[in-house]
Amino acid sequence: MTDNSGDSADPDESPSHMFDVVVVVGGIAGVSLAYELAGDRRVALVETEFVLGYHATSRSATMFLETYGGLDVRALTKGSRTFLEDPPDYFVGPLMSPRPLLQFAVPGHGDRVRELRSSTEGLELLETDEIRAICPYVRPGAIEIGLHETRTQELDANALLQGFMAGMRRRGAEVFKNAPAMRLEQTSSGWRVHIPRLTLGASLVVNAAGAWADLTALSAGLSPIGLIPRRRTAFTISTDGSPRDVTASDPLLYNIDEPSTSNPKVNNYFALQRIAPHVNPATPNPTTSRSLAHSNAFKRSPLCTRDRCEHPGPVCEHSAPTATW
Ligand SMILES: Cc1cc2nc3c(=O)[nH]c(=O)nc-3n(C[C@H](O)[C@H](O)[C@H](O)COP(=O)(O)OP(=O)(O)OC[C@H]3O[C@@H](n4cnc5c(N)ncnc54)[C@H](O)[C@@H]3O)c2cc1C
C-alpha cells in the first residue's frame, strides 16, 4: 500500500511503475474490478482519499434490489446474486440478509406503482390499511398504494468492500492512496497516469470514478458524457413513541416518485435520504438538521412515530431529524 501525498511528477518522466491495468479510483466499482482483473494481470488502483470506499460506497442504504433502476442495472444486480450468496473465501460472514422493500406512492400518484406491478413479477400490491398493518409508523392517508417485495436483501457493504480489498491484495494488486490521478496521457503503447510524485504506465486504464467520471475523462483529454454529480443527504429520526419497536424484518420504504427512502434500522432510528443536485460530489457540507426539518421533502415523509398523528395528509410536522450527514 502506498501513500502518495506530495508534489506532482515531471510530466515527461517515463513511468516508474508498469502495470497491465491502472484502475482509477477506489470505490466499490474500482475495487471489485481490480479484484477481478488482478487474477491474471498486473493491476494498480489509485485513489484520491486516504482510505478506499470513502465516498458513495460508504453512504449507501446497502439494499440489494433486483427490481430497482433501468434494465441494465437490474440485469447486473440479478447477475450478482449468486456471487453475493456464496462468495469466495476472502469474504467474511454472510454478505446479505433478508430485508423486504415497500415501494409506495403518495395519494394521487398510484399509477406508477400499478404500472410497475404489471411489468414486474414477484411484487404484491398493498392498500393503505395493509401497509399500516406491516408498518404502524406510516401515517394514515400518507400512502395511496404500495408494492411489497420480499426477495430483496440488505447487504453488508463493509464486508463486501473488505473482501474485495483482501482478495485484490492477495492477488497482487498494488494500491496507491492519497493519490489523485491528476492527468492521464495516451502514449503509443498505452497510458501514463500521473499521480503525486509518480508516473504509472499501463496498457489499459479504467475510469471507475463514479460521480467524478467526467472529470477523469477530461483529465485524459476525452469528452465528458454529461454526468451530473448529485449530493444525497441522509438523516435519522428517533422512533421514541412509535407504536412498536422497529425490527430487522421491517421493510425499507421507497417513494417511487421521489428519490427518498426510509430505512428502518433495528436501533430504533429511521435513516432517510433525499437527493439534491450539486456540482462538487466531494463537498463536505450536508444539509443541516435545522434546514432539513423545514424542507418539504422532509415533511412529506410518510412516517410519524406518534401513535395518533393529527397530520393525516401529505405533510406532517411532528418528527425532527436527530442527525444528518
Ligand atoms: C445515500 C446513498 C444510498 C445508496 N443506496 C444504495 C442501495 O441501497 N443499494 C445500492 O446498490 N446502491 C446504493 N447506492 C449507490 C451505491 O452506493 C453507489 O452506486 C456505489 O457506491 C458507487 O460506487 P463507485 O465506486 O462508483 O463510487 P464511489 O464510491 O464514489 O467511488 C469513487 C471514488 O473515486 C475517487 N476519485 C475520484 N476522482 C479521482 C481521481 N482523479 N483520482 C483518484 N481517485 C478519484 C473518489 O475519491 C471516490 O473514492 C447509494 C448511494 C448513496 C449515495
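The buried residues of helix α1 pack against β2 (17-24), β3 (43-46) and α5 (157-170). This is a predicted model, in which local features need pLDDT of at least 70, side-chain atom pairs count only at pLDDT 80 or more, and totals for chains, interfaces and linings use all residues. Residues are numbered from 1 along each chain as its sequence is written.

**Terms used here**
- Helices (H or I, at least four residues) and strands (E, at least two) are DSSP runs, numbered from the N terminus.
- A residue counts as buried with 20 or more other C-beta atoms within 10 Å of its own, as exposed with 12 or fewer, and as partly exposed in between, with C-beta atoms placed from the backbone.
- Residues are in contact if their C-beta atoms, placed from the backbone, lie within 7 Å, and strands pair if DSSP finds at least two bridges between them.

**Helix α1**
- Helix α1 spans residues 28-37, and its buried residues include Gly30, Tyr35 and Leu37.

**Strand partners of β12**
- Strand β11 (residues 183-186) runs antiparallel to β12 and is joined to it by four bridges; Glu185 stands opposite Arg192.
- Four residues lie between β11 and β12 in their hairpin, where Gly190 has a positive phi near 155°.
- Strand β13 (residues 198-207) pairs with β12 in the antiparallel sense over five bridges, and Ala202 is the bridge partner of Trp191.
- Two residues separate β12 and β13 in their hairpin, and Arg197 in the turn has a positive phi of about 70°.

Methods
Two residues are in contact if their C-beta atoms, placed from the backbone, lie within 7 Å.
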